[in-house]
Amino acid sequence: MASFVAGRMDAMVTLLLDSTQLEVVLSPTERALSFRKRNIVVPRATIDRVQLTDDAWTWLRGVPNPGTNLPVVVAAGTWKSAGGNDFVIIRRRKSSVVIDLSGHDEFERLVLTTKHGVALLKALRLHVASEPEDVADLVS
């Protein structure tokens, strides 16, 4: 779970998965940086592709609107481009996941820094319970 510790964001975004949806749980700091009041909820049926990347910065497209961008430090919020809206939470140059969506009400892509990208890939292949569970717990 992400938390604000000693003036910096310490951990990665939390991903909860159940049989119908993926939820990106935002910490208070992530909510403030992304100008967002609620978590991101993605129906599983709208997930087209999930890719792992070591450099999420190369996946940014468009401009933050609304959002926060401190290059190579943090990017958070909605990025608007001709291709649509992306939601990003990127921290430094850490492992990230890129989730392409089709038919989602709000976003075409999610770009998220998380150490649980491999766990997400594995968990999406599993038949999971109806109660949301952290993707890291699902595959352990």
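I began with strand pairing: two strands pair if DSSP finds at least two bridges between them. Strands (E, at least two residues) and helices (H or I, at least four) are DSSP runs, numbered from the N terminus. With that settled, I saw that β10 and β11 run antiparallel and are joined by five bridges.

A note on the ground rules: this is a predicted model, where local features need pLDDT of at least 70, side-chain atom pairs count only at pLDDT 80 or more, and totals for chains, interfaces and linings use all residues. Residues are numbered from 1 along each chain as its sequence is written, and side-chain values use heavy atoms, with hydrogens and water left out.

**Confidence.** I checked pLDDT, the predictor's confidence in each residue from 0 to 100. The chain has a mean pLDDT of 86, and 86% of its residues reach 70 or more. Over residues 1–10 pLDDT stays under 50, and the model has 20 contacts (heavy atoms within 4.5 Å) for them beyond four places in sequence. Where pLDDT is low, the predicted coordinates should not be read in detail.

**Overview.** I found three helices and twelve strands in the chain. Of the 140 residues, 44% are buried, where buried means under 20% relative accessible area, exposed over 50% and partly exposed in between (1.4 Å probe, protein chains only). Among contacts between residues at least 6 apart in sequence, 47% join residues at least 24 apart.

**Strand β10.** Are its residues mostly covered or mostly open? Six of the six residues in β10 are buried. S96, V98 and D100 point one way from β10, while V97, I99 and L101 point the other way, and all are buried. On the β11 side, S96 has T113 as its bridge partner. β10 also pairs with strand β6 (residues 47–53), in the antiparallel sense and over six bridges. There, L52 has V97 in β10 as its bridge partner.

**The open sheet.** Next I traced four strands that form an open sheet in the order β5-β4-β3-β12, with antiparallel pairing. Which strands stand at the edges? They are β5 (40–43) and β12 (133–134), each with a single partner strand, so one side of each is left without a neighbour in the sheet. Strand β3 (residues 14–17) is joined to β12 by two bridges, and L16 stands opposite D134 in β12.

**Aromatic rings.** I then counted ring pairs: rings of Phe, Tyr and Trp (its six-membered ring) pair if their centres lie within 6.5 Å, with planes under 30 degrees apart counted as stacked, over 60 as edge-to-face and the rest as tilted. The count comes to one aromatic pair. F87 and F107 form this tilted pair, 5.6 Å centre to centre with 55 degrees between the planes. Because F87 lies in strand β9 (residues 84–91) and F107 in the loop between β10 (96–101) and β11 (109–113), the pair ties together parts that are 20 residues apart in sequence. F87 is buried at 0% relative accessibility, and F107 is buried with a relative accessible area of 1%.

**Helix α2.** Last, I looked at A123, which lies in helix α2 (residues 117–125). A123 is buried, with a relative accessible area of 0%. Between A123 and V135 I read twelve residues in sequence and 6.2 Å in space, C-alpha to C-alpha.
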